[in-house]
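Dear colleague,

Please find below the structure that I am handing over to you.

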Amino acid sequence: MKIDGIPYRSIWREASGEVRIIDQRWLPHELRIVPLRDRAEFASAIKDMWVRGAPLIGATAAYGMAVQMAADPTDDSLAQTWALLHATRPTAINLRWALDDMRSHLTPLPAALRAAAAFRRADAIAEEDVAINRRIGEHGLEIIRKISARKGRVNILTHCNAGWPATVDWGTATSPIYHAVEAGIDLHVFVDETRPRNQGAQLTAWELKGHGVSHELIVDNAGGHLMQHGEVDMVIVGTDRTTANGDVCNKIGTYLKALAARANGVPFYVALPSPTIDWTVRDGLSEIPIEERSAREVTHVQGRDDQGHIVTVQIAPDGTRARNPAFDVTPGHLITGLITERGICAATLAGLAAMFPDRSITRLG
Ligand code: MRU
């Protein structure tokens with residue numbers, strides 16, 4: 001997608017081979033591009049959210065493994081790097097998916113061939129993400145088209161950032177939106193601010209503005225009110241991990257949006273790239289590890305002051321204790337459909353199994 005008319009991806013390799021990212025901690029106020037040079041920097045970039053969003057976390061881990069293979073292609077180095085990167089964030093399954101994929105490609109190879117193979121494979125993972133998201137957009141477009149044929153302007157609510165900065169390109173939840181805008185469909189997006197890290201305010205609003213998509217930022221608690229008043233035609237969100245039976249783990253607050261959507265008869269869709277399916281897990285509530293982040297993310301907020309400086313301010317009394325679960329689980333029965341790269345399916349075991357008969361479903365009994 002473009003920034004000021006120039007095409008960007010969220011992660012890429014320069015001709016020199018150097019891996020670069022957009023350091024998302026400073027958006028929307030500053031566009032900072034930084035290189036990631038060693039595995040420690042890759043680990044920090046994921047853990048401290050210089051990059052974030054399940055698909056991008058996966059692609060970044062793949063490149064981290066490749067950079068490390070160029071420095072030290074031994075078996076020990078491979079195992080240590082897998083463990084280091086895997087420990088960065090616990091919830092998005094794309095991280096483990098990408099690391100396992102890299103390990104299975106590299107392990108059989110002699111050490112001397114590993115670096116080149118690792119970069120080829122990381123490039124392929126990144127390209128595959130772009131292709132998957134493009135297809136999600138094409139399938140999601142058809143849902144938006146049908147609503148538009150019925151009522152004209154389509155109002156879409158989204159939560160967190162499941163846009164192109166959360167992926168290598170296109171985004172998941174935003175891909176149908178970009179495809180619909182391209183197809184000339186009149187639409188408007190309600191962007192949840194997404195406390196505590198404000199991914200909606202800082203990233204989704206920024207990217208929609210950049211592409212001229214009509215949108216308004218709303219506080220997280222406004223969605224139910226808008227749905228009660230018929231102002232939302234559909235919800236589309238992303239996912240960090242979807243179980244084999246269709247439970248969706250996504251940014252904290254997604255569950256409340258799904259409840260409000262069900263109570264008000266608003267269709268609730270999840271844009272789901274297949275690497276985000278965890279086929280080993282059936283019960284999202286008991287089996288998905290939910291990341292607990294620092295209390296400081298709740299008691300403090302970052303923004304730009306009137307002098308243009310990016311500052312962090314405290315919003316709670318000194319010493320306030322805070323909880324910060326970063327994700328929640330929306331049970332499949334609250335979900336209207338999963339928009340995958342192969343088409344739209346029910347958020348059920350049967351729905352996913354029919355869509356992906358070739359993928360291994362383990363531990364199902
Ligand atoms: O904590 P984050 O910013 O990494 O969480 C991101 C989300 O929850 C996204 O909605 C999810 O990864 C889907 S990304 C296409």
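**Ligand contacts and helix packing**

In this predicted model, an N or O atom in the side chain of Asn-250 lies 2.8 Å from an oxygen atom of the ligand. For Gln-199, an N or O atom of the side chain is likewise 2.8 Å from a ligand oxygen atom. Arg-52 places a polar side-chain atom 2.8 Å from an oxygen atom of the ligand. In total, 19 residues surround the ligand, and the closest are Arg-89, Gln-199, Asp-240, Asn-250 and Lys-251.

The second subject is the packing of helices. Two packed helices are described by the angle between their axes and the distance between the axes.

Helix H2 covers residues 54-71 and helix H4 covers residues 93-106; their axes come within 7 Å and cross at roughly 30 degrees. Angles under 35 degrees count as roughly parallel, and H2 and H4 are therefore roughly parallel to each other. Their crossing is right-handed. Residues of H2 in this contact include Ala-61, Met-65 and Met-69, while those of H4 include Leu-95, Ala-98 and Met-102. By class, the contact has 13 nonpolar, 2 polar and no charged residues.

Helix H3 (residues 75-86) also packs with H4, at an angle of about 175 degrees and with the axes 10 Å apart. This angle makes H3 roughly antiparallel to H4. From H3, the contact involves Leu-78, Trp-82, Leu-85 and His-86; among its partners in H4 are Arg-96, Asp-100 and Arg-103. The contact of H3 with H4 comprises 6 nonpolar, 1 polar and 3 charged residues.

Yours sincerely

Technical notes
Residues are numbered from 1 along each chain as its sequence is written. This is a predicted model: local features need pLDDT of at least 70, side-chain atom pairs count only at pLDDT 80 or more; totals for chains, interfaces and linings use all residues. Side-chain values use heavy atoms; hydrogens and water are left out. Axes are lines fitted to C-alpha atoms, for helices over the stretch in contact, and angles run from 0 to 180 degrees between N-to-C directions. Helices (H or I, at least four residues) and strands (E, at least two) are DSSP runs, numbered from the N terminus. Angles under 35 degrees count as roughly parallel, over 145 as roughly antiparallel, 65 to 115 as roughly perpendicular and the rest as oblique. A crossing is left-handed if the near helix is turned anticlockwise from the far one by less than a right angle, and right-handed if clockwise. Contact means heavy atoms within 4.5 Å. Ala, Val, Leu, Ile, Met, Phe, Trp, Tyr, Cys and Pro count as nonpolar, Asp, Glu, Lys and Arg as charged, and the others, Gly among them, as polar. A residue is near a molecule or strand if one of its heavy atoms lies within 4 Å of it. A polar contact is a pair of N or O atoms within 3.5 Å; within protein, one must be able to donate a hydrogen and the other to accept it, and residues adjacent in sequence count only if both atoms are side-chain atoms.
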